[in-house]
Amino acid sequence: MRYITYIILLALAQGLLFDKIHIMGFATPLMYVWFVIMLPRDLPHWKRLVMCFALGALIDTFANTSGLVMTSLTAVGFVQSYFLELFLGREDETDFKPSIRTMGFWKYSFYALCLVALYCLLYFGLDAFTINDIGYLLMTAGGSGLITYILILVIGFI
């Protein structure tokens, strides 16, 4: 039930607030990526994928992006547990929840940076669907990724 609440609140926040923010014309905060970052280690893989798919579908409905968010978020949800394993040992507890408190600042920040960067590259790469204008692709992915990453770290401290 808690995850359903997160999905609804993040979709509403993105659709009503964050999609209206465009810093310097190309950087938009994509705060729903935080949902994937904070998913616990012991969550079954199929449940992780269904929740990422549902959140992506909801945001696609708000933003009219025809499956871009859903595809990118589901792909990042698929690799999230593998990235988490890179920063944790197999001997760590199974019900581990990623946060700054549990992982430490440096591990959590690098873990979050990897997932945000992967999401932004997937999303903006699929959106452009070409590498003809690689500068614009890197500028939008980098700008949105940076602002999203900073906001996720701020949320991590709260």
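Me: Which helix supplies the largest share of the nonpolar patch?

Reply: H1 does, with four residues. This is a predicted model, in which local features need pLDDT of at least 70 and side-chain atom pairs count only at pLDDT 80 or more, while totals for chains, interfaces and linings use all residues. Residues are numbered from 1 along each chain as its sequence is written, and side-chain values use heavy atoms, with hydrogens and water left out.

Me: What makes the nonpolar surface patch, and which helices supply at least two residues each?

Reply: The patch of about 700 Å² is made by Met-1, Ile-4, Ile-8, Leu-12, Leu-16, Leu-58 and Phe-62. Helix H1 (2-16) and helix H3 (45-63) each supply at least two of its residues. A patch takes residues with over 30% relative accessible area and no salt bridge; like charges are joined within 9 Å, and nonpolar side chains (Val, Leu, Ile, Met, Phe, Trp, Tyr) within 5 Å. The areas come from the Shrake-Rupley method with a 1.4 Å probe, and for residues only the protein chains shown count as cover. Helices (H or I, at least four residues) and strands (E, at least two) are DSSP runs numbered from the N terminus.

Me: Why is Ile-8 called partly exposed?

Reply: Ile-8, in helix H1, has 42% relative accessibility. Buried means under 20% relative accessible area, exposed over 50%, and partly exposed in between (1.4 Å probe, protein chains only). Ile-8 therefore counts as partly exposed.

Me: How do you know that the buried residues of H1 are on the same side?

Reply: The buried residues of H1 are Tyr-3, Ile-7, Leu-10, Ala-11, Gln-14 and Gly-15. They cover an arc of only 120° around the axis, so they are on the same side of H1. The arc is that of the directions from the helix axis to the C-beta atoms. On the other side of H1, Leu-9 and Leu-16 are exposed.

Me: What span is expected of H1, and what does H1 reach?

Reply: The expected span is 1.5 Å times one less than the number of residues. H1 has 15 residues and reaches 21 Å from its first C-alpha to its last, close to the 21 Å expected.

Me: What makes Arg-41 and Glu-85 a salt bridge?

Reply: Their side chains meet at 3.0 Å, N to O. A salt bridge is a side-chain nitrogen of Lys or Arg within 4 Å of a carboxyl oxygen of Asp or Glu, so the pair qualifies. The pair links distant parts of the chain, 44 residues apart: Arg-41 is in the loop between helix H2 (33-37) and H3, Glu-85 in helix H4 (residues 68-87). Arg-41, at 15% relative accessibility, counts as buried, whereas Glu-85, at 23%, is partly exposed. A search of the whole structure finds one salt bridge.

Me: Why is Cys-52 in no disulfide?

Reply: A search of the whole structure finds zero disulfides. The cysteine sulfur nearest to Cys-52, that of Cys-120, is 15 Å away. A disulfide is a pair of cysteine sulfur atoms within 2.5 Å, so Cys-52 is in none. Cys-52 is buried, with a relative accessible area of 0%. Cys-114 is in no disulfide either; its nearest cysteine sulfur, that of Cys-120, is 13 Å away.

Me: Why is Asn-64 called exposed?

Reply: Asn-64 has 67% relative accessibility and therefore counts as exposed. Asn-64 is in the loop between H3 and H4, and its phi is near 55°, a positive value in a residue other than glycine.
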